Structures are given as C-alpha cells and as structure tokens.
Amino acid sequence: MTLTITAILLGIVEGLTEFLPVSSTGHLILATELFGFDAGTWKVFNVVIQLGAILAVVVQYWRTFWAVGLGLLKLEPLSLAFLRNLLLAFLPSVVIGLAAKRYIDVMLGSPLVVCVALVLGGFAILAIERTAKPGPATGIGQLPARQAIGVGLVQCVAMIPGVSRSGATIMGALAMGIERRTAAEFSFFLAIPTMLGATVLELHDNRAALMSGAGPVGWSEIAIGFAVSFVVALAVIKGFVAFVSRRGFAPFAWYRIIAGLAAGAFLLLR
C-alpha cells in the first residue's frame with residue numbers, strides 16, 4: 001500500500017471519528033497497526049490531520065464565531081462569557097498535557113491501550129446515558145464557570161488514546177447536567193484550541209525531521225490527510241447532533257465495546 005493511499009484512508013478515518021465519541025486517535029493508531037505501519041512513525045501525521053476536521057467546525061459554525069467576534073468587540077456579556085468558558089475548559093489540558101507529555105507519547109504507541117480504553121469507555125457511556133439528567137436547553141455563554149472547568153478536566157482523561165476527546169467532554173457535560181445539543185457544540189468548539197495546541201507541540205518537537213524530509217511521512221501525505229479529513233468531518237458534523245438528539249449515545253457505546261474487543265483479539269492472536 002502506497003503512502004498516498006494510506007494517507008487518504010487515515011484521513012477518512014479521522015474525519016469519520018473526530019467528533020463521534022469513539023476516539024479518532026485510537027482509530028488512527030489501530031488503523032496504522034492494521035495497515036502494517038508503525039503507529040509511532042505516523043504519530044505527527046495523525047495529530048496534524050486533525051486540524052482538517054477542526055476546520056470543518058469553523059466552516060459549519062462560522063455564523064456563531066462571527067457573532068461571538070462582533071460581541072467581543074462590543075464587550076457583550078454573553079460573548080465574553082462564551083470566550084471565558086472556552087478558555088477555562090482549555091486550560092486544564094494545557095497544564096496536564098505539558099506535564100504528562102512523556103507518558104502520553106508512550107501510550108500513543110500502544111494499540112492494546114486503545115482497545116482497553118474503547119471497551120471501558122463504551123460501558124461508561126452506557127452508564128452515563130442511564131443516569132444523567134440533562135438540564136434545560138441553554139448556550140455555552142450561559143454555562144457557569146464551574147461547569148466549563150469541569151468539562152476541561154474531563155477532557156484530560158482523553159489524553160489516554162482510545163478514550164475519545166469528544167466522548168469524554170460530551171458525556172462529562174451530560175453528567176454535569178448540560179443538555180445534549182450544548183454539550184455536543186461545546187465539545188466541537190473546545191476541539192479548536194485543544195487540537196491547535198497539540199498540533200503546534202507535535203510540529204515543534206518534530207520540526208527537524210519534517211523540514212529535512214528525513215521521515216517516511218512528509219508534508220504531501222499530511223496535506224492529503226488534512227484535506228480528506230476536512231471533507232469527511234464536514235459531512236459528519238451536519239448529522240451528528242441530529243442523530244444523538246433522536247437516538248442518544250448508546251449505539252456508539254456498543255460500537256466501542258465490539259470494536260475494542262475485536263481489535264484486541266486480533267492483536268493478541270495474530
């Protein structure tokens with residue numbers, strides 16, 4: 001399989017899974033393992049192409065960002081609270097991510113960690129679906145600061161590959177009483193600074209190899225994966241909120257459990 005075809009396939013995997021509670025990073029690690037490539041070799045690629053999916057959020061919600069931007073210029077309380085909540089939720093991942101980066105990198109190279117996290121996360125989703133009592137519909141700017149910080153702390157659990165950043169933030173928000181649509185949109189918006197930060201850090205740590213072209217995965221493959229993930233994620237975002245409003249998150253939980261067990265069995269028996 002050529003690097004170009006692999007980049008396209010991984011871009012599709014990223015776009016499909018970034019905003020679903022199934023762990024895009026975990027799927028990318030398992031995909032590279034199933035394709036016969038070393039997950040560590042594709043680590044920078046896997047992180048950077050997530051920006052394609054993040055760009056899809058900006059395109060899909062550009063009216064929201066435009067309104068918030070205008071509100072910030074006018075110092076409107078709701079826009080200021082929106083920005084405050086986003087920053088408060090982002091801050092824990094900065095502190096913990098930098099402090100634990102060495103351990104995170106080790107886990108990113110372990111497909112079996114992904115399998116275990118997929119299964120345990122699936123059962124956690126089922127439990128939260130049964131017990132959570134979401135409050136009334138509201139907006140991100142109307143959430144109290146303590147809930148924003150809580151969502152940010154829960155997001156840090158997703159530094160374990162296979163947990164799912166979107167799954168942790170959405171289900172954590174539901175457990176705190178935030179209604180479904182706001183929980184999902186908060187997760188989408190929080191992905192922007194979080195993944196930007198992760199990408200900048202990875203590019204900085206691997207700048208020498210990328211600039212010299214010494215690594216097996218170069219800028220051309222990253223560009224292809226970025227473009228593919230953007231297109232696929234844009235389609236996924238449009239239908240995700242409507243789907244969970246009708247069906248909930250249980251289908252994703254059962255998928256996680258089945259996929260984690262199947263992948264684990266494959267890795268152990270091959």
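Student: Let's start with H4 and H13. How near do the axes come, and at what angle do they cross?

Tutor: The model is predicted, so keep that in mind. The axes of H4 (residues 50–60) and H13 (residues 219–247) come within 7 Å. They cross at roughly 45°. That makes H4 oblique to H13.

Student: Is the crossing of H4 and H13 left-handed or right-handed?

Tutor: Right-handed.

Student: Which residues in H4 meet H13?

Tutor: On the H4 side they are Leu 51, Gly 52, Ala 53, Leu 55, Ala 56, Val 57, Val 59 and Gln 60. In H13 they meet Phe 226, Ser 229, Phe 230, Ala 233, Leu 234, Ile 237 and Lys 238.

Student: How do the residues of that contact divide by class?

Tutor: There are 11 nonpolar, three polar and one charged in the contact of H4 with H13.

Student: Let me pick one. Where is Gln 60, and what does Gln 60 touch?

Tutor: Gln 60 sits in helix H4. Not counting residues up to four places away in sequence, Gln 60 touches Leu 234, Ile 237 and Lys 238.

Student: Why does Gln 60 count as partly exposed?

Tutor: Because its relative accessible area is 30%. Buried means under 20%, and exposed means over 50%.

Student: New topic. How many residues are in the largest nonpolar core?

Tutor: The largest nonpolar core has 46 residues. Those with the most contacts inside it are Phe 19, Val 57, Ile 170, Phe 186, Phe 188, Phe 240 and Phe 249.

Student: Which elements give two or more residues to this core?

Tutor: They are H4, H6 (77–99), H8 (111–131), H9 (145–157), H10 (165–175), H11 (180–205), H13 and H14 (250–269).

Student: Back to Ile 170. What is Ile 170 in contact with, leaving aside its neighbours within four places in sequence?

Tutor: Ile 170 is in contact with Ala 183, Ala 184, Ser 187, Phe 240 and Phe 249. Phe 240 and Phe 249 are also on the list of core residues with the most contacts.

Student: And what does the second core include?

Tutor: That separate core has 12 residues. Among them are Ala 7, Val 13, Ala 31 and Phe 45.

Student: OK, another helix pair. How do H2 and H14 pack?

Tutor: H2 and H14 pack at an angle of about 35°, with their axes 12 Å apart. H2 passes H14 in a left-handed crossing.

Student: Which residues meet there?

Tutor: His 27, Leu 30, Glu 33 and Leu 34 come from H2. They meet Tyr 255, Ala 263, Phe 266 and Leu 267 in H14. By class, that contact has six nonpolar, one polar and one charged residues.

Student: Now the loops. What is phi of Ser 23?

Tutor: Phi of Ser 23 is near 75°, a positive value in a residue other than glycine. Most residues other than glycine have a negative phi.

Student: Where is Ser 23, and is Ser 23 buried or exposed?

Tutor: Ser 23 is in the loop between H1 (3–17) and H2 (24–34). Its relative accessibility is 3%, so Ser 23 counts as buried.

Student: What about Ser 164?

Tutor: Phi of Ser 164 is positive too, near 90°. Ser 164 lies in the loop between H9 and H10. Ser 164 counts as buried because its relative accessibility is 3%.

Student: And where is Ser 110?

Tutor: Ser 110 is in the loop between H7 (101–108) and H8. Ser 110 is partly exposed, with a relative accessible area of 21%. From Ser 110 to Gly 197, C-alpha to C-alpha, is 22 Å. They are 87 residues apart in sequence.

Student: Why does Glu 185 count as buried?

Tutor: Because its relative accessibility is 19%, and buried means under 20%. Glu 185 is in helix H11. Leaving aside its neighbours within four places in sequence, Glu 185 is in contact with Tyr 61 and Ile 140.

Student: Last one. Is Leu 78 buried or exposed?

Tutor: Exposed, with a relative accessible area of 53%. Leu 78 is in helix H6. Leu 78 touches Gly 141 and Gln 142, not counting residues up to four places away in sequence.

Notes. Residues are numbered from 1 along each chain as its sequence is written. This is a predicted model: local features need pLDDT of at least 70, side-chain atom pairs count only at pLDDT 80 or more; totals for chains, interfaces and linings use all residues. Side-chain values use heavy atoms; hydrogens and water are left out. Axes are lines fitted to C-alpha atoms, for helices over the stretch in contact, and angles run from 0 to 180 degrees between N-to-C directions. Helices (H or I, at least four residues) and strands (E, at least two) are DSSP runs, numbered from the N terminus. Angles under 35 degrees count as roughly parallel, over 145 as roughly antiparallel, 65 to 115 as roughly perpendicular and the rest as oblique. A crossing is left-handed if the near helix is turned anticlockwise from the far one by less than a right angle, and right-handed if clockwise. Contact means heavy atoms within 4.5 Å. Ala, Val, Leu, Ile, Met, Phe, Trp, Tyr, Cys and Pro count as nonpolar, Asp, Glu, Lys and Arg as charged, and the others, Gly among them, as polar. A nonpolar core is a set of buried Ala, Val, Leu, Ile, Met, Phe, Trp, Tyr and Cys residues joined through side-chain atoms within 4.5 Å. Buried means under 20% relative accessible area, exposed over 50%, partly exposed in between (1.4 Å probe, protein chains only).
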